[in-house]
Amino acid sequence: MRLINKDGKERARKLTILRKDIKEGGEQRYYIHFSEPGDLRDTAFMVWKNIGKDDDRWLFIPAVRMVKRIAANDKRSSFVGSDFNYEDVSGREVGEDKHEYVKDDNFNGNPVFMIKSIPKGNVTEYSYVLRWIDKATFLR
């Protein structure tokens, strides 16, 4: 995750995201683990996306060895100091965004598609997200 402020100053977060589809129709499990920078190392965020009801969200804070439940209505709080909020990283349905092919690219030496995802409606704090999708595995 690259965070770039209005002055062009960049901060980086290194993380791993795992997702498992539980049921066709939307039920999913997300797990996000941070390995860098040091102040976020071993921080973890878990989401259970539920069909027809609010999602369940938890944040593990290693410095105090505490798991904090994130309230379902807390959708606009900043996620680990980024411009993303909890709703953004809890996963979005494909149909919630308009997707545009930008170009073929390389990411960490792998051939990828660069895709621009633009939220439909005024539901997020940002105008678009760029994603790099691996051409071989179709993972991002």
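## The five-stranded sheet

Five strands line up as β3-β4-β5-β6-β7 in an open sheet, and they pair antiparallel. Two of them sit at the edges: β3, covering 14–21, and β7, covering 66–70. Each has a single partner strand, so one side of β3 and one side of β7 go without a neighbour in the sheet. Going from one strand to the next, the twist averages 15°. Keep in mind that this is a predicted model.

## Where β3 meets β4

Let's look at one pairing in that sheet. How many bridges join β3 to β4? There are eight, and the two strands run antiparallel, with β4 spanning residues 28–36.

As a bit of background, strands of a sheet pair through backbone hydrogen bonds, in either a parallel or an antiparallel way.

## The three-stranded sheet

There's also an open sheet of three strands, ordered β8-β9-β10, again with antiparallel pairing. Which strands stand at its edges? They are β8 (97–107) and β10 (129–134); each has a single partner strand, so one side of each is left open, with no neighbour in the sheet. If you ignore direction, neighbouring strands here are turned by 30° against each other on average.

## Where β9 meets β10

Strand β9 takes in residues 110–119 and is joined to β10 by six bridges, with the pair running antiparallel. A handy pair to pick out here is Phe113 and Ile133: Phe113 stands opposite Ile133, which belongs to β10.

Conventions: Residues are numbered from 1 along each chain as its sequence is written. This is a predicted model: local features need pLDDT of at least 70, side-chain atom pairs count only at pLDDT 80 or more; totals for chains, interfaces and linings use all residues. Side-chain values use heavy atoms; hydrogens and water are left out. Two strands pair if DSSP finds at least two bridges between them. Helices (H or I, at least four residues) and strands (E, at least two) are DSSP runs, numbered from the N terminus. Axes are lines fitted to C-alpha atoms, for helices over the stretch in contact, and angles run from 0 to 180 degrees between N-to-C directions.
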